[in-house]
Amino acid sequence: MIRLEKRKQPSQVWSYLTPILAVIATMIAGGIMFWILGKNPFEAIRIIFWDPLFNTQFASYSRPQLLVKAAPLILIAIGLSLGFRAGVWNIGAEGQYVIGAICGAAVGLAFYPMESFIIFPLMVLAGAFGGFLWAMIPALLKIAFRTNEILVSLLLVYVADQLLASMALSTLRNPDGGGFPGSRNLQQYPSAANPELIAGTGAHWGVVAALIAVIFAYILLAKHKLGFQIKLAGQSPRAAHFAGVNTSVIIVVCLGLSGLLAGLAGLFEVAGPAGQISIDFASNYGFTAIIVAFLGRLHPVGILLAGLLMALTYIGGELAQLMLGIPLAAIQAFQGMLLFFLLAMDVLTDYRPVIGKAKVV
Amino acid sequence: MQLKTILTTATMALGLATAALADGHEKTKVGFVYVGPVGDFGWSYEHNEGRLAVMEEFGDSVETTFVESVPEGADAERVLTQMALSGHDLIFTTSFGYMDATMNVAAKFPDVKFEHATGYKRADNVSTYGARFYEGRAVIGHIAGKMTETNKVGYIASYPIPEVIRGINSAYLHAQKVNPDVEFNVVWVYSWFDPAKEADAAKALIEQGADVIMQHTDSTAPMTIAEEAGIVAFGQASDMKNFGPNAQLTAIIDNWAPYYIDRVRAVKDGTWSSMDTWDGIAPGMVELAPISDKVPADVKAEAEAMAAAIAAGDYHPFTGPINKQDGSAWLAEGEVADDGTLAGMNFYIEGVQGEIPN
Amino acid sequence: MDLSAINPIVLIASLMVASTPILLAAIGELVVEKSGVLNLGVEGMMITGAICGFAMAVETGSPALGFIGAALGGAALSLIFAFLTQVLLSNQVATGLALTLFGLGFSALIGQSYIGVKPPTSATLILGLDAMVFVGIGIIAVTWWVLKYTRVGLILRAVGENHDAAHALGYKVVLIRTAAIAFGGACAGLGGAYLSLIRVPQWTEGMTSGAGWIALAIVVFASWKPWRVLLGAYLFGGITVLQLNLQAAGVKIPVEYLSMSPYLITIIVLVIMSADRTRTALNAPAMLGRSFHASN
């Protein structure tokens, strides 16, 4: 009988080894699934994991796209991780992302067609502020009435989606668009656009912001008193109380920061890669970022890597659909497996499997 | 710089591929980008049926690929670029929201042909195509006007966009022509596809006295509800006879196959050129399912005659005199709506109850 | 505008039908959370139940067997979650989300050959209501009774409130939680099958379109009390149905606001309920979301 014994300290070696083992296990299990579906498993795995990075034909295009896809995930996940560490459960980053995009785009569109260097910074502020405000609704309700923030933040996602549809159809609709839904394309409005900063790198301001957020979160958690308080509030609310941590402040900071970063992610996306406010602008980044946060073990550097890995499976998954005709359903199942294995293998970091007589469990 | 180099190389490679094509040695590679899953049994499903028809028509001489559930925006642009980079000759982008992505990618790959559904931006290598579903709606409007006993027609609408508003106007216009007392109750569900909500909407409409249901959403839920309630309905996108054997009077079927086969053939022959296609009943892009026996023979004959007249070009569903909802004149006696106004239609015609959201 | 056209009895009957999927999924999740486990994979289990039930009903021609298949399918999927979180101690939030992703993909894979197929019809009892509406209410009643009056319920709550103490008393924490998770999966599966077999009825990919998330919200709304799940589900379903009825009746309220109303009103009602400080609304099981390891 195998049982688990808690390590005195989390194993450094295993914390690096488990993700690699998980990816290998996924390749085997996923390969079997692809084989059952009648596809060549080796080719499928190669296309998903290898081709986006190293294919001679198009890797130089898809590699930068990794950053484009990963940036919003990382930006949102960093914010969420602070809250998750403190035990503040913001499940509604998707809504804050949408509201950030709406506010930012609205500011940009209000100036159209004026050209000025000040417009984009104002949009960034509006995007951040919009996300922040949307997250303040669950924060303030929690402080004032102890209303559960999971429920409020989650339901506000649906409200944000309705607002988005309404904006795309009316207030922000492109007046030159012949009555079709969707705003003007911000990519075609230089003062409001969030372009690729260095051609061929995929890096736009959102990528820069994601990297800054990673560094900022790292310093906050490692060095700053607030970071310590956040961790304490999550690990032991009672101890935090006695240490003089003000829970209301923690709630406002955690929800506020995660809303702000999600709002920023929305703004950078709408002004850059997406280009416009449309009915279907929301694309689940807010929910996927929750997975990214936990895959990265709530650690800034881990989140960076997890975000890139998720982005890789998305882009590789598209290629696999395109080149091998693997249905999206199989790709989703494959992503699910990868997450299962990553989460399952994590146990080896904190626990040691021991063969021997089991105690009564 | 690097991107530019690779793009140039790729375009050169594609140029070679196209050259090889003309000799008939290489397969034509055709890509499809869908906004929903192919299993939605609605919009994306019908486009995929078109793809399957292309495969059947050309056999081994074409290779088709598709990517499903591609979000509009950045993801669409990436998928399109990767399709272009991996040697596709022709790419169908099957949702309005792919318009800017299609234009951007098309500008980078002048040798790849693009076909964008329901949009209005074109380029030398970008065509647009759409279907005049309002022609079908005119026919079902006529049938609905004749069939309703409560004079209430329930209409389940998705989003207030020109396509949907045009459908409401066309159906109402022709229902009201044969039944001046008819009333349309429109419920907006703010979704293209939400079976549960569509079912609830159908129920709500039936409870309000509607005895004919029309839908401009994709799921078969309203048809099933109509069947249960013992009333009649019209199928949308696909023939929904299976789900409402008694309820379905007819269905407006999206049939992209003839167009897709035409365009693929044009690429193979080297005769493809950029154009704007807005086809209706005539070439079979808009198809009507067989009209049910529940419809009295004379009504059925009238409906079929109307479809034939539209197909022959003898009748345009929007022929004046037609006023706008506020009573102001839109089309004078005998005047026919121009495509521009139809494409951007954002007003109700006289007699439609309620307001367009926003 | 003709409000008199809205018949209250018919409205209640349709809100009961509209609420049943989220009601079933929510009561299952309530039991899971009472045992101290947070499973965010409800959406994934619902959609898996939707296709398993659909396939079973189509193959056997029996809706009843379909529902059994749905419960088994949902429970089977939830056991993946149970194995990962209970045995391998993985993070529950992330594992639940992964379960949703996997469930959406997996169900679409199985469902490929069932697109456009019509399921066998199920009989209705009264007012167009089918047996499952009452089964749902029955499950709530039984859950309430078991949690409140039986030893099993006591143990389940004890595990959820303090797993170390429960363990010290000799209760098999992991086993109890696994059973609760499987029950939650079965209920979510039933909820999904209710959509694919009765309410829609049809199989299409992604057909649950967020119902699982609403079910999660309803559990919190109910502050982990079974009868309040019924209240929450009926409130939410009721407003959804009512807003469509108001639209159909031609009420002049902007559609956008009507569409948002189910979410906004649920939030407002919860705020009012949680503002009542005398009731110390914090009913959340103390161990919610925490892993248990015997050597802790």
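Trainee: How many salt bridges does the rule find across the interface of chain B and chain A?
Mentor: A salt bridge here is a side-chain nitrogen of Lys or Arg within 4 Å of a carboxyl oxygen of Asp or Glu. In one of them, the side chains of A:Lys69 and B:Asp75 meet at 2.5 Å, N to O. Across the interface of chain B and chain A the rule finds 2 salt bridges.

Trainee: What should I know about the model and its numbering?
Mentor: This is a predicted model, where local features need pLDDT of at least 70 and side-chain atom pairs count only at pLDDT 80 or more, while totals for chains, interfaces and linings use all residues. Residues are numbered from 1 along each chain as its sequence is written, chains are lettered from A and ligands numbered from 1 in the order in which they are written, and side-chain values use heavy atoms, with hydrogens and water left out.

Trainee: Which helix of chain B gives the most to the side that touches chain A?
Mentor: Helices (H or I, at least four residues) and strands (E, at least two) are DSSP runs, numbered from the N terminus. Helix 1 (2-22), strand 2 (62-67), helix 3 (74-85) and helix 4 (99-108) of chain B each give two or more residues to that side. With 9 residues, the top contributor is helix 3 of chain B.

Trainee: How many residue pairs are in polar contact between chain B and chain A?
Mentor: A polar contact is a pair of N or O atoms within 3.5 Å; within protein, one must be able to donate a hydrogen and the other to accept it, and residues adjacent in sequence count only if both atoms are side-chain atoms. Both residues must be at pLDDT 80 or more, and the count between chain B and chain A is 9.

Trainee: What area do chain B and chain A bury between them?
Mentor: Contact means heavy atoms within 4.5 Å. On that rule 38 residues of chain B touch 43 residues of chain A. Buried area is the accessible area (1.4 Å probe) that two parts lose on being put together, summed over both. Carbon and sulfur atoms carry 56% of the total, which is about 3400 Å².

Trainee: Now chain C against chain A. What share of the buried area do carbon and sulfur atoms give?
Mentor: In this pair, 50 residues of chain C are in contact with 44 residues of chain A. The buried area is about 4300 Å², and the carbon and sulfur share is 78%.

Trainee: Which helix of chain C gives the most to the side that touches chain A?
Mentor: The count between chain C and chain A is 0 salt bridges. There is 1 residue pair in polar contact. Helix 3 (63-87), helix 4 (92-111), helix 9 (211-221) and helix 11 (255-275) of chain C each supply at least two residues of that side. With 13 residues, the one that gives the most is helix 4 of chain C.

Trainee: How do the residues on that side of chain C divide by class?
Mentor: Ala, Val, Leu, Ile, Met, Phe, Trp, Tyr, Cys and Pro count as nonpolar, Asp, Glu, Lys and Arg as charged, and the others, Gly among them, as polar. The side of chain C that touches chain A divides into 33 nonpolar, 14 polar and 3 charged.

Trainee: Within chain B, how far apart are the centres of domain 1 and domain 2?
Mentor: The bounds come from an automatic or database domain assignment. Domain 1 of chain B is 2-131, and domain 2 is 133-254 + 286-343. Taken over C-alpha atoms, their centres are separated by 32 Å.

Trainee: Which three residues supply 66% of the area that domain 1 of chain B buries against domain 2?
Mentor: Here 7 residues of domain 1 are in contact with 9 residues of domain 2. The area buried between these domains of chain B is about 780 Å². More than any other three, the suppliers are B:Phe41, B:Glu46 and B:Ala131.

Trainee: Where is the cis peptide bond of chain A that has omega of about 0°?
Mentor: Look in the loop between helix 4 (93-111) and helix 5 (119-145) of chain A, which holds A:Pro113. The bond joins A:Tyr112 and A:Pro113.

Trainee: Which peptide bond of chain B is cis, with omega near 5°?
Mentor: B:Pro321 sits in the loop between helix 10 (297-312) and strand 13 (322-323) of chain B. The cis bond runs from B:Gly320 to B:Pro321.
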